Amino acid sequence: MKPATQYTKSGHINIAYQVYGSGPIDLVYIPGWVSNIDWMWACPELVYFFEELGKFARVILFDKRGTGLSDRIVELSTIEERMDDIRAVMDAVGSPKAVLFGHSEGGSVSALFAATYPNRTISLITFGVFAKRRYSPDYPWAPTDDERQKVYDMIENSWGSGEMGLESLAPSQANNKVFMDWLANYFRSGASPSAAMVLTKMNTEVDIVDILGSIKVPTLLLQRTHDVDVKIQEGRFVADRIEDSIFVELEGSDHLFWAGNTEEVLEEIRAFVTHVTPKRNYQKRLLTILAGRVLPSEDMSHQDIVGQFVTQYRGSIIQYDQGVFIATFEGPSKAVHCSLELQKAVKRSVAKLAIGIHILEGAVNEAHFIRDETEQCVNEILRHTLPNQVLITQTVKYLLSGAGLNFVEDKSVFETVSNDKMKLFSVMDHTGVDNTQDFVRVRADNRGSFLEDILACIDEHISDECFGVEMLCREVGVSERQLQRKLKAITNKSPNQLINSVRLHRAKELILGRHDFNITEIAFKMGFSNPSYFSKCFKKEFDLSPSELLQKENQYASVAKTIAVSDML
């Protein structure tokens, strides 16, 4: 019997989940690629597998963001955000600790979660896991770019036709028309063609090689010998790098665990879950360390600003001394976006900020003190970092796929405490048209272009609350389908999202420009008839309400004024 579907929030995204089973241990299933938790229950083979799991565990199913019954998203999502989805669902069902069962790409996300939150992970189980999804000489089993392009072409040309070439995922069921029809429908109900393309391109960039050694929880890796989608060597590679992990090689070629010799898979999982004794507490976990230096270093007036931004991005400051500060974050995406916002804030006060970011295995309680090893790491990365620069290590970069950032390789090399050499990368701000400066740059660089015409049209009607996609199509002379396709290719936004985003960024300009308009007047000027809805959309776009933005801007202005007066004395 299909369990009830419920929703919880992960940030501003609605995540769909289900709970069933009577076992004494919680088990969270993290699906691969795309999923639909309602449609799962239309496959007898998968239903049988789930029912057996429910006999020895309370099972928690969910659709990750962008798939199935969860909120669809246009932009890419990071592996860190999908890790947050797991935590949000566990919180929603009152699960302090759980076994994580990750399939394929879901195994990669589960591995990162286990390394980051070991004290919320009883044990880790993966099936058909990979560490990378792009060929390299040190990982030759991953698909080449040409092979990945074939997958992109399939999504582009065959996602809706049924000719999706899914037989390689379940060769044992290739001649079972009922099963293969269900599988094609399952994927189509899990994601639209554009959503599937976004997810697949994000998966191409996944690389968890550097974090595997930080996984300390009991780990079981299951893999079929002749799996075509993820090679057996990939499972062995992962197992070799996770301390004391158990690797079980099963006969067969199915990538789907509910096809083929499912009884053997179930028995391995059942034995592992019911017999493994996890540690009560772990002393170490994966931490993202942010080290910053404010110049001039004797100026302490920025300490409050740094503290505000670090807290906003769920980080913790563990040291601030003579302009140098150290903060820890639960993931690299939060640390990097915090850094970029801090750069902007500090620039307004005519100061300079150098920031370096690395991921390392640190003490669980290192939110309250600095170990010598961490201090060495901080000093080393700050040694290479220039003023007005955010510099990250290679490990951090690999986990930022889908973060909407550009990276430029730095000439310097970071040397870890264990004498490993690692590439460094400078982080550039968001790509596309996601901030005010980008809108201005697009308008300057694309005169007469399609996007220029679109932005000019939106600006012309920006105060008209009735202006929408239909009027935009009529004025620029394209069909709605053409507009959707072109804007998706250029901006990765739908027409409605772009109209809304332009209005919100123009509103932000008015707020920061210190015009004599109150927030309600600005809402009306930007085509919003409901001020509360305007505030809700504004907060979703910028993570700050209009009044919070105005308050922060006043704080920055006050700090800048204080600094200017100090400089005159």
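Start by selecting three helices, α4 (145-158), α5 (177-190) and α6 (193-204): each one supplies at least two residues of the lining of the second largest pocket. Helices are DSSP runs of H or I with at least four residues, strands are runs of E with at least two, and both are numbered from the N terminus.

Before going on, note what is loaded. This is a predicted model, where local features need pLDDT of at least 70, side-chain atom pairs count only at pLDDT 80 or more, and totals for chains, interfaces and linings use all residues. Residues are numbered from 1 along each chain as its sequence is written, and side-chain values use heavy atoms, with hydrogens and water left out.

**Stop 1: the second largest pocket**

Keep α4 highlighted. It gives the most to the lining of the second largest pocket, with four residues. The space in the second largest pocket is about 780 Å³.

How is that pocket defined? The search runs on a 1 Å grid over the protein atoms alone with a 1.4 Å probe; a pocket is an open set of points with protein on both sides within 12 Å along at least five of seven lines, and lining residues have an atom within 4 Å of a point. Grid points are joined across faces, edges and corners, and the volume is the space filled by probe spheres set on the points.

Colour the lining by residue class. You get 20 nonpolar, nine polar and seven charged residues. Here Ala, Val, Leu, Ile, Met, Phe, Trp, Tyr, Cys and Pro are nonpolar, Asp, Glu, Lys and Arg are charged, and the others, Gly among them, are polar.

**Stop 2: Ser-35**

Select Ser-35, in the loop between β3 (25-30) and α1 (44-53). Is Ser-35 buried or exposed? Its relative accessibility is 1%, so Ser-35 counts as buried. The scale is simple: buried is under 20% relative accessible area, exposed is over 50%, and partly exposed is in between (1.4 Å probe, protein chains only).

Show the side chain of Asp-63 as well. A polar contact of 2.6 Å joins it to the side chain of Ser-35. Such a contact is a pair of N or O atoms within 3.5 Å; within protein, one must be able to donate a hydrogen and the other to accept it, and residues adjacent in sequence count only if both atoms are side-chain atoms.

Beyond four places in sequence, Ser-35 touches Met-40, Phe-62, Asp-63, Thr-67, Gly-68, Tyr-186 and Gly-190.

**Stop 3: Arg-82**

Move to helix α2 (residues 79-92), where Arg-82 sits. At 2% relative accessibility, this arginine is buried. Setting aside neighbours within four places in sequence, Arg-82 contacts Lys-64, Arg-65, Ser-77, Glu-105, Val-109, Met-202 and Asn-203.

**Stop 4: two positive phi angles**

Select Ser-104, in the loop between β5 (98-103) and α3 (105-116). Ser-104 is not a glycine, yet it has a positive phi of about 55°. It is buried, with a relative accessible area of 8%.

Then jump to Arg-314, in the loop between α9 (303-312) and β10 (316-321). Arg-314 is not a glycine either, and its phi is positive at about 60°. At 39% relative accessibility, Arg-314 is partly exposed.

**Stop 5: Asp-244**

Go to the loop between α7 (232-241) and β8 (246-250) and pick Asp-244. This residue is exposed, at 69% relative accessibility.

**Stop 6: cysteines**

Cys-473 is buried, at 8% relative accessible area. Cys-338 is also buried, at 0%.

**Stop 7: Leu-549**

Select helix α20 (residues 546-568) and find Leu-549. At 11% relative accessibility, Leu-549 is buried. Not counting residues up to four places away in sequence, it touches Lys-508, Ile-511, Leu-512, Phe-538 and Leu-544.

**Zoom out**

Show everything: 20 helices and 15 strands. Of the 569 residues, 55% count as buried. Among contacts between residues at least 6 apart in sequence, 74% join residues at least 24 apart.

Definitions and conventions:
Contact = heavy atoms within 4.5 Å.
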